[in-house]
Amino acid sequence: MKAVDKQQISTMNEKNLFNLTTLGEGYTIEFKRSGTSDLGREICAFANATGGVILIGIADDGGICGVSNHNRLKSQVQTIARSAEPPIAVEIESVDAVLCVTVPAQHSKPYSFGRKFFIREGASSQQMSREEIREFFYKEGLIHFDETACDRFSLENDLDEENWSLFQRRAKIPEDMDPENALRNLHLTAEDGRMTHAGAWLLASDIRKFNISADVACALFMGTDKVRILDRRGFYGDVYSMIEEVMAWILSKINVEYVIKHVKREERPELPEEAIREAVVNALAHRDYRSAANVQIYLFTDRLEIVSPGGLPAGMTEADLGIKSVPRNPLLFGILRRMDAVERIGSGIRRIRDLCREHGVQEPLIEVSGSWVTTTFRRPVTESQEVADDRSAPGHRTS
């Protein structure tokens with residue numbers, strides 16, 4: 001086995017090879033001494049992750065041992081990559097005696113090889129279990145949880161007349177249409193007749209019966225931190241009712257200005273009502289209902305925070321906010337749109353920003369992590385707050 005000789009590395013490709021061998025095997029780098037044994041497994045695992053590089057002709061310790069007959073080996077690699085389901089695009093190049101197989105980030109996940117699914121875990125490739133495959137499909141947005149059957153919902157016991165009547169009116173369903181036909185035509189029941197999760201969330205008397213953390217928790221705090229709670233409320237009806245109830249709670253807690261227009265007094269909330277509604281709808285429509293966390297709404301003296309669990313849906317980045325929409329729960333989102341709870345597909349964030357500008361307040365701050373999306377509205381400073389701030393300022397003296 002020949003060790004890496006820095007003096008022999010002169011071209012850019014060779015420098016890249018040296019850097020990769022120095023880094024060692026990891027999440028995106030795999031060494032193979034020779035041949036194509038288990039190569040399909042490795043290519044498949046990288047394709048299901050973020051991509052990676054397989055170096056054929058490198059020993060486990062990073063030493064270069066090299067391989068011969070690169071043309072025949074390249075042909076074998078291409079054949080292996082094409083035999084995956086679906087076929088995987090790879091880039092192959094020779095760097096001295098080493099064959100570099102690059103698996104770029106792929107866009108048709110998930111990939112299988114030999115009818116098995118593999119994923120990259122640390123510095124090794126592992127076959128996925130049935131549960132891991134299922135979770136992978138959810139993560140990639142290939143299965144939508146809202147479209148799956150909700151075993152806890154009984155059409156016989158949980159679909160009561162009052163809930164149906166309310167849903168029927170909101171969803172504009174003809175009065176003479178049979179509930180089972182309507183639910184089937186709206187795809188709210190699965191092929192086997194069971195209620196979907198979206199249907200359960202829209203027809204629930206208590207949504208926690210079907211998803212324990214699908215409720216909304218609201219809290220009003222004194223000041224700008226979470227030390228003193230002035231009011232706490234929880235909402236746990238159906239999704240549409242929660243939107244209405246949460247909006248009523250927020251509007252009852254923020255400041256309202258009374259404006260006289262044409263001899264008529266109009267109420268003007270300190271923050272634009274429709275912008276808040278859009279944010280609340282987004283929080284409930286796009287949240288991850290498999291998460292153990294609930295939607296949380298915090299009202300401080302200086303801001304309103306709307307926190308939704310699950311991060312961004314698959315296929316969305318922060319740069320996409322306000323430009324495009326990828327619903328995590330497309331069935332739920334579609335019915336909410338039918339109920340006029342959603343203004344226009346893809347317009348939510350942009351409309352929130354526009355409404356804030358028109359209202360004369362700051363645009364909200366939207367923060368994204370792997371587990372949360374937080375929308376923060378800055379509340380306008382009132383005269384009483386300015387006086388309080390001045391009095392608490394260093395050097396202030398009262399007479």
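**Entry 1: helix 3**

I checked the length of helix 3 (residues 70-82) to begin with: its 13 residues should span 18 Å at 1.5 Å a residue, and the end C-alpha atoms sit 18 Å apart, which agrees. The expected span here is 1.5 Å times one less than the number of residues. Helices (H or I, at least four residues) and strands (E, at least two) are DSSP runs numbered from the N terminus.

A note on what I'm looking at: this is a predicted model, where local features need pLDDT of at least 70, side-chain atom pairs count only at pLDDT 80 or more, and totals for chains, interfaces and linings use all residues. Residues are numbered from 1 along each chain as its sequence is written, and side-chain values use heavy atoms, with hydrogens and water left out.

Next I looked up which residues of helix 3 are buried, and got H70, L73, V77, I80 and A81. They cover an arc of only 95 degrees around the axis (taken from the directions from the helix axis to the C-beta atoms), so they lie on the same side of helix 3. N71 and R82 are exposed on the other side. My cut-offs: buried is under 20% relative accessible area, exposed over 50%, partly exposed in between (1.4 Å probe, protein chains only).

What do the buried residues of helix 3 pack against? I found helix 2 (39-48), strand 2 (52-56), strand 3 (91-95), strand 4 (98-103) and strand 5 (112-113), with contact meaning heavy atoms within 4.5 Å.

**Entry 2: salt bridges**

I got 19 salt bridges in the structure, each a side-chain nitrogen of Lys or Arg within 4 Å of a carboxyl oxygen of Asp or Glu.

D340 pairs with K172, with the closest N and O atoms 2.9 Å apart. This pair links distant parts of the chain, 168 residues apart: D340 is in the loop between helix 11 (330-338) and helix 12 (348-359), K172 in the loop between helix 6 (161-170) and helix 7 (179-185). D340 counts as exposed at 57% relative accessibility, while K172, at 45%, is partly exposed.

R277 bridges to E274, closest N and O atoms 4.0 Å apart. Both lie in helix 10 (residues 273-285), three residues apart, about one turn of the helix. R277 is buried at 18%; E274 is partly exposed at 33%.

I then looked up E278, which bridges to R351 at 2.8 Å between the closest N and O atoms. E278 is in helix 10 and R351 in helix 12, so this pair ties together parts 73 residues apart in sequence. E278 is buried at 7% relative accessibility, and R351 is buried at 16%.
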